[in-house]
Amino acid sequence: MRMLEEKIPLILLILFMAFQSVPATRKPFRDSKPCKQLVLYYHDVLFGGNDPLNATSANVTGPSGLGAFDFGKVVVFDDPMTRDQHLTSPPIARAQGMYFYNMKKVPNAWFTFSLVFNSSEHKGTLNILGADIITEKTRDLSVVGGTGDFFMTRGIVTLETEVVEGTKYFRLKMDTKLYECY
C-alpha cells in the first residue's frame with residue numbers, strides 16, 4: 001500500500017502535464033478565418049413530364065397531402081454548379097443528392113448532397129447537409145467532410161435564393177467557407 005501512496009504524486013503530475021498540453025494545441029474556432037472560400041451557383045431544373053433533356057432533378061415521391069407545403073415530397077438531383085449566375089455556363093461541379101419537404105406549416109426542405117468536382121482547378125467532393133428554411137433570406141448548411149482536394153474538410157455553406165420560376169426552376173447562391181482544410 002505504501003508503494004501506491006508514493007506513486008500517486010507522480011501519477012497526478014503526469015495527468016496534470018497531459019491536460020495542460022491539450023489546450024495549447026487547439027486554436028479557438030471563433031478566431032479562425034476560412035482556409036478556403038468558394039462562391040458557386042446551384043441551378044435546379046425540375047422534370048415536368050415533357051422536358052427530359054433539360055431536367056436536372058425529379059420527384060421520386062409526391063406530396064403526402066398533409067399540410068400545404070409539399071410535406072413528404074422527395075426530389076433527387078444532379079444539378080450543375082457554375083461560377084456565375086447563367087445556367088448555360090460551364091459547370092465547375094455537380095450537386096448530387098436529394099432534398100425533401102419536411103414541414104407542414106411553413107415551406108422548408110432538408111438537403112443532403114455532395115458537390116462533385118472534376119476539373120483542372122479542383123478534384124474531389126464536398127459533403128453538405130442541413131435544413132433549408134426557404135422563407136429566410138439566407139440559410140446555413142453544414143459541410144461535414146470531403147475527399148480529394150477537400151479531404152476531411154469542415155465548414156458552412158450559406159444559401160441565398162436568387163431566382164424562383166414556379167416549380168420548374170430555382171437558382172441558389174452558395175457561399176462556401178471552409179474552416180478545416182488539410
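Is Phe69 buried, partly exposed or exposed? Phe69 is partly exposed, with a relative accessible area of 30%. Buried means under 20% relative accessible area, exposed means over 50%, and partly exposed lies in between, with a 1.4 Å probe and protein chains only.

The model is predicted: local features need pLDDT of at least 70, side-chain atom pairs count only at pLDDT 80 or more, and totals for chains, interfaces and linings use all residues. Residues are numbered from 1 along each chain as its sequence is written, and side-chain values use heavy atoms, with hydrogens and water left out.

**Figure 1. The whole chain.**
The chain has one helix and nine strands. Helices (H or I, at least four residues) and strands (E, at least two) are DSSP runs, numbered from the N terminus. Along the sequence the pattern reads α-β-β-β-β-β-β-β-β-β. Of the 182 residues in the chain, 32% are buried. The accessible surface comes to about 11400 Å². Carbon and sulfur atoms hold 60% of that surface. Accessible areas come from the Shrake-Rupley method with a 1.4 Å probe; for residues, only the protein chains shown count as cover. Contact means heavy atoms within 4.5 Å. Among contacts between residues at least 6 apart in sequence, 46% join residues at least 24 apart.

**Figure 2. The largest pocket.**
Rolling a probe the size of a water molecule over the atoms shows where empty space is left. The largest pocket has a volume of about 420 Å³. On a 1 Å grid over the protein atoms alone, a pocket is an open set of points where a 1.4 Å probe fits, with protein on both sides within 12 Å along at least five of seven lines. Grid points are joined across faces, edges and corners, and a volume is the space filled by probe spheres set on the points. The lining of the largest pocket has 22 residues. Lining residues have an atom within 4 Å of a point. Tyr101, Ile134, Val164, Gly166 and Phe170 lie nearest the centre of the pocket.

**Figure 3. What lines the pocket.**
Strands E4 (93–101), E5 (108–118), E8 (154–165) and E9 (169–180) each supply at least two residues of the lining of the largest pocket. The largest share, three residues, comes from E9. By type, the lining residues divide into 13 nonpolar, three polar and six charged. Ala, Val, Leu, Ile, Met, Phe, Trp, Tyr, Cys and Pro count as nonpolar, Asp, Glu, Lys and Arg as charged, and the others, Gly among them, as polar.

**Figure 4. Phe69 in its loop.**
Phe69 lies in the loop between strand E2 (57–61) and strand E3 (74–82). Leaving out residues up to four places away in sequence, Phe69 touches Tyr101, Met103, Lys104, Lys105, Val106 and Pro107. Asn102 is 33 residues from Phe69 in sequence. In space the two are 8.6 Å apart, C-alpha to C-alpha.

**Figure 5. Asn108 and its polar contacts.**
Asn108 is found in strand E5. Asn108 is buried, with a relative accessible area of 4%. A polar contact of 2.5 Å joins its side chain to that of Asn102. A polar contact is a pair of N or O atoms within 3.5 Å; within protein, one must be able to donate a hydrogen and the other to accept it, and residues adjacent in sequence count only if both atoms are side-chain atoms. The side chain of Asn108 also reaches the backbone nitrogen of Ile133 at 3.3 Å. Beyond its neighbours within four places in sequence, Asn108 is in contact with residues including Phe100, Tyr101, Asp132 and Ile134.

Arg171 has its place in strand E9. At 13% relative accessibility, Arg171 counts as buried. Leu178 counts as buried at 1% relative accessibility. With residues up to four places away set aside, Leu178 touches Leu126, Val143 and Phe150, among others. Leu178 and Leu126 are 52 residues apart in sequence and 9.9 Å apart in space, C-alpha to C-alpha.

**Figure 6. The loop between E7 and E8.**
Met152 lies in the loop between strand E7 (138–146) and E8. Met152 has a positive phi of about 55° although it is not a glycine. At 40% relative accessibility, Met152 counts as partly exposed. Gly148 is in the loop between E7 and E8. Gly148 touches Lys123 and Gly124, not counting residues up to four places away in sequence.
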